[in-house]
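Colleague: Hi! I'm new to this one, could you walk me through it? Let's have it on screen first.

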Amino acid sequence: MKSWLWLPMGLALASCGPSAPQGPLQLRPNAVVLSAEEVDAVTPTEMRVQTDKELFSGQVVISDEGEGLVRRITEATLTGGQVGGQAVRKFYLRTEEASLEEAVASGEVTLQTDLTIGEANMARALEGVSVQEFTGRINLTNVRFEIPNVPEGRVVLNGFIEQTLKPSFQLKFSQGSLETFRAGVVGNLKAQITASIEANASYSPFSASRELAAWNLKRVFLVGNVPVVVVLQPRLVAGVSSQAGGKVGVSVGIAPTFATNLQLDYSRLRPLETRWQNTFNASFALNPSFNYATPVEGRGSAFAGVVLDVKFYGVAGPSLEARPFISLSLNGSSANLKSGILGKSQVEAGFRVLGRGLETRYEGPSLEEARTFSCQAPSTCSVN
């Protein structure tokens, strides 16, 4: 059977501005910055711009247009003279992919922003998931998972999640290339979630997972005159797996507060096989609840959490996941319950927009902080 609890780390992105970056970044002579206002149109291989700058083949363009871009000009054609009486000209550019280290000679920058969520930033959400304006609290109201091949068999989630998480990034360029890159989230998560399962018969093992909600937010950090463009795409996800040896009705809940710190970092100074690394730690208070009346054999687990996908200049890169979870094993009138939070990070293959060396896919190990409890029917649990 499965009983499971859900604690997600809800997360979405702030409407308040990013913190002031530390810098500066020293550009190479072949680098040129174009604002979004100077860019008229963009395709994967072409740009049309209006600018008073000199543009020519071989330059590396940095812009906050769209999701941001870093491009090398392979051909520059002047298509128009003065615009509105000003010394602004129109250019047609052929371009190809480039990396930030081809435009930046040296410098170090640290970026950080708050996460505050709202309906305005929400890209999509399942029925039963809503966000309170101003507070950013994520409410879950009868969010359902149907149990396959079991009539009226279902798992239902109710409760809320609050968070004060901050994503942060660090870039350091030296000796003509990227030396250090770090992405992380740190902060607190508070949840009050209950999960109930009802099934009128035994059933075989099943598992399901889904995205409950997603947000999208662009951040532009101006480091001197250089825009560092980050798109943050948090997704609220949940999953469950279970089986039961008979008719069952179980409710499990937890009201935790987590303090978390999840980091993914790259260092050119480490040996090749260890250049990517991830770390995770958490401290927390747990208050589990457990209630069932029908002795049954079974087991189940559930998770819910946030996957924070990050793009730099429109290129998919780091992904940071914080996954609160619960697992339960029932044996007659007794049960063993485990709950905690799991951290995981990875980076997509081809993530070279910041610099060569980052293009190899990295998937870090899952790192867990948890506690176990012994429970007795109908409603008693004690920490082991």
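Colleague: Let's start with Arg137. How does Arg137 count by relative accessibility?

Modeller: Arg137 counts as partly exposed, because its relative accessibility is 22%. Here buried means under 20% relative accessible area, exposed means over 50%, and partly exposed is in between, with a 1.4 Å probe and protein chains only.

Colleague: What kind of model is this, and how are residues numbered?

Modeller: This is a predicted model, where local features need pLDDT of at least 70, side-chain atom pairs count only at pLDDT 80 or more, and totals for chains, interfaces and linings use all residues. Residues are numbered from 1 along each chain as its sequence is written, and side-chain values use heavy atoms, with hydrogens and water left out.

Colleague: Back to Arg137, then. Which side chain does Arg137 meet in a salt bridge?

Modeller: That would be Glu162, at 3.9 Å from N to O. A salt bridge here is a side-chain nitrogen of Lys or Arg within 4 Å of a carboxyl oxygen of Asp or Glu. Arg137 sits in the loop between strand E10 (129-131) and strand E11 (138-146), and Glu162 is in strand E12 (residues 154-174), so the pair ties together parts that are 25 residues apart in sequence. Glu162 is partly exposed, at 30% relative accessibility.

Colleague: How do you number strands and helices?

Modeller: They are DSSP runs numbered from the N terminus: helices are H or I with at least four residues, strands are E with at least two.

Colleague: How many salt bridges does the count come to?

Modeller: The count comes to 21. One of them joins Glu67 and Lys311, with the closest N and O atoms 3.3 Å apart. Glu67 is in the loop between E5 and E6 and Lys311 in strand E21 (residues 296-312), so this pair ties together parts that are 244 residues apart in sequence.

Colleague: Which residues are linked in a network of salt bridges?

Modeller: Arg124, Glu211, Arg235 and Asp309.

Colleague: New topic: in what order do the strands of the open sheet run?

Modeller: The 6 strands go E2-E5-E6-E7-E4-E3, with mixed pairing. Two strands pair if DSSP finds at least two bridges between them. Strands E2 (31-34) and E3 (39-42) stand at the edges with a single partner strand each, so one side of each has no neighbour in the sheet.

Colleague: And how do E5 and E6 pair?

Modeller: Strand E5 (residues 60-63) and strand E6 (residues 69-80) pair in the antiparallel sense over 4 bridges. Ile62 stands opposite Val70 in E6.
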